[in-house]
Structure formats: structure tokens, C-alpha cells
Amino acid sequence: MTASLQVDAHQPLIDEQHTPLRAIGFHLLPGVLIAGLFYALAPAVMAAGYPAIVAGMAAAAVGIVGVELGWLLHEGRRVTGRWSVAGALGYRPGKFGRRKVALVAGLIIWQFLAASIVGMKPWMVETFFYWIPEWAVNPFPSDIADTASSTVLLVTGAALLLINVVMGPLVEELYFRGYLLPRLARFGFWAPLINVSLFSLYHFWTPWDVLTRIVILLPLGYAVWRTKDYRVGIAAHVGLSAVGFLLNSLPALLGAGS
């Protein structure tokens with residue numbers, strides 16, 4: 001009798017499960033919007049003297065903060081009657097203790113090392129994506145401090161910090177790991193692989209990084225699935241983005257590497 005009341009540790013606290021087609025749509029359609037906006041806005045943004053990455057941050061603000069967060073609020077209101085993101089999420093995480101803190105630290109270290117070792121961008125671009133404009137391949141010039149005004153540097157840095165480091169990773173983890181991953185629960189052990197693979201494909205604006213992104217993020221997907229705590233994904237994703245900003249974007253903005 002007691003055994004019949006036990007809950008599978010990997011099962012979410014929801015009954016709704018997405019069909020394969022619905023899952024693909026919910027994972028990929030926001031990425032189609034973001035990529036489309038990026039390519040549409042970038043020429044005008046560059047004509048105004050800003051790097052193409054600013055167009056990318058504007059597109060992400062619409063696609064991630066607008067569409068993904070907006071959908072979570074909509075679903076939360078449908079479930080609870082209130083504008084609440086929590087109502088849309090499939091996991092109800094408990095205490096965030098020392099073991100989860102250590103897990104997040106390990107994930108950040110793994111992601112950073114994997115990104116440094118497994119990166120295939122030069123080969124992928126040269127072999128398969130040579131037809132993509134240079135400004136789309138490298139939207140953030142390494143010599144930006146030598147070519148841009150202080151206003152451009154300030155706007156670019158603020159956009160990267162707000163969208164790429166904070167809001168983007170936060171909302172993406174809530175949407176992809178907090179909302180979509182639990183709705184793939186019927187796939188069992190394969191659910192995180194499906195989720196992370198579709199999440200990597202969703203980045204249509206950087207198709208050369210799909211395989212690398214899967215390698216980097218797969219442990220994160222399984223960590224969230226195993227702990228049923230999307231906050232692990234948020235902390236690891238924000239942490240990696242912050243490390244990238246501090247080691248790469250900020251020095252370029254300050255001209256430290258020139």
C-alpha cells in the first residue's frame with residue numbers, strides 16, 4: 001500500500017505532456033522569431049554605428065523576454081488565475097542546499113572547459129556556413145573599443161549585461177527547463193537529451209554551435225531533471241554567461257586586449 005503512494009523521483013508535478021510536434025514547436029518557434037529579427041534589424045543597427053550584437057540583444061528581448069516570459073505568465077494565469085510564472089512550471093523545487101551549490105559550481109566549470117575544448121565554430125563556419133555574412137558570424141567585434149564611441153560601448157555593454165547575462169538565461173531556463181522539460185517526462189531518461197538538443201537547435205542565429213552547445217549543456221539538462229530544480233539550470237546558465245562577459249565581452253569593451 002505504501003509503495004503505491006510513492007512518486008517517481010523523475011516525474012514532474014503535472015499531468016500535461018506535449019506531443020512530439022507540439023514539443024518541437026514550443027522549443028523552436030521562439031528561435032525562428034529571434035533569428036528573423038536579428039537579421040532584419042542588424043543592417044539598420046550597424047548603419048547607426050552599433051555592432052550587430054545590439055540587434056541580437058533587441059531580438060532576444062522580444063523573443064525571450066517578450067514571447068517566452070509572456071507565455072509563462074499566460075500559462076500561469078490559466079492555471080492559477082493569477083499572473084504567475086510559478087503556476088506554469090512543472091517542478092516544485094525544495095531547499096537549495098550546499099549539494100546543489102556544489103552541483104552548480106561543477107556545471108559552470110564543465111561548461112567553461114567544454115566550451116574551450118569542444119568549440120568547432122571556425123571549422124563549421126568554413127565548411128558549412130561560409131555563406132553567412134561576417135557580421136552575423138562575429139556580431140561583437142574584438143576591436144570595438146578602438147572603433148566605437150563611448151555611447152556605443154555603454155549601450156552595447158548594458159545590453160549584453162541585461163539580456164545576455166541576466167534576463168536571457170533566467171527566462172530561457174524557466175521556459176525550457178522549468179516549463180518544457182517536465183512536459184517531456186514520458187520519454188524518461190531521454191527527456192533531457194531531447195530538451196537540450198531542441199534548445200541547441202533553437203539558436204538558429206548561431207547554427208555552427210549546435211553540436212558544441214549540446215555537449216556543453218547536456219549535464220545541465222540531466223542535473224535539472226535529476227533534482228527537479230530549474231534553479232540549478234538558472235544558476236549554472238547565468239554563471240556561465242557572467243564568466244563569458246567578464247572574460248571576453250568586458251575586456252573588449254574596455255580595450256584591455258588591444
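## Ground rules

Contact in this report means heavy atoms within 4.5 Å of each other. What you're looking at is a predicted model, so local features need pLDDT of at least 70 and side-chain atom pairs count only at pLDDT 80 or more, while totals for chains, interfaces and linings use all residues. Residues are numbered from 1 along each chain as its sequence is written, and side-chain values use heavy atoms, with hydrogens and water left out.

Let's start ahead of the helices. Q17 sits in the segment before α1 (helices being DSSP runs of H or I, at least four residues, numbered from the N terminus). With its neighbours within four places in sequence set aside, Q17 is in contact with P182, R183, L184, A185 and R186. The C-alpha atoms of Q17 and L180 are 9.1 Å apart, although 163 residues separate the two along the chain.

Q17 has a relative accessible area of 28%, so it counts as partly exposed (buried is under 20%, exposed over 50%, partly exposed in between, with a 1.4 Å probe and protein chains only).

## α1 alongside α8

Next, pick out helix α1 (residues 20-47) and helix α8 (residues 191-202): their axes come within 8 Å and cross at roughly 20 degrees. That angle is why α1 counts as roughly parallel to α8 (under 35 degrees is roughly parallel, over 145 roughly antiparallel, 65 to 115 roughly perpendicular, the rest oblique). The crossing of α1 and α8 is right-handed. Sorted by class, the residues in the contact of α1 with α8 are 9 nonpolar, 3 polar and no charged.

Who touches whom? On the α1 side you'll find A23, I24, H27, L28, P30, G31 and I34, and they meet N195, L198, F199, L201 and Y202 in α8. G36 also belongs to helix α1, and at a relative accessible area of 41% it is partly exposed. From G36 to W205 is 169 residues in sequence, yet 8.4 Å in space from C-alpha to C-alpha.

## α7 and its two partners

Helix α7 (residues 150-180) and helix α10 (residues 230-254) have axes that come within 9 Å and cross at roughly 160 degrees. The two helices are therefore roughly antiparallel, and α7 passes α10 in a right-handed crossing. The contact of α7 with α10 holds 14 nonpolar, 8 polar and 3 charged residues.

Helix α2 (residues 52-80) also pairs up with α7: the axes come within 9 Å and cross at roughly 35 degrees. α2 passes α7 in a left-handed crossing. The contact of α2 with α7 splits into 19 nonpolar, 3 polar and 3 charged residues.

## R177, an arginine inside

Beyond its neighbours within four places in sequence, R177 is in contact with Y91, E172, P182, N195, V196, F199, L220, V224 and Y230.

## Two more stops

Take a look at K228, in the loop between α9 (210-227) and α10. Most residues other than glycine have a negative phi. K228 has a positive one, near 55 degrees. K228 is partly exposed, because its relative accessibility is 22%.

Finally, A115 is in helix α3 (residues 98-118) and is partly exposed at 37% relative accessible area. A115 and G25 are 90 residues apart in sequence, and their C-alpha atoms are 27 Å apart in space.

Conventions: Axes fitted to C-alpha atoms, helices over the stretch in contact; angles between N-to-C directions. Left-handed = near helix turned anticlockwise from the far one by under 90°. Nonpolar A, V, L, I, M, F, W, Y, C, P; charged D, E, K, R; others polar.
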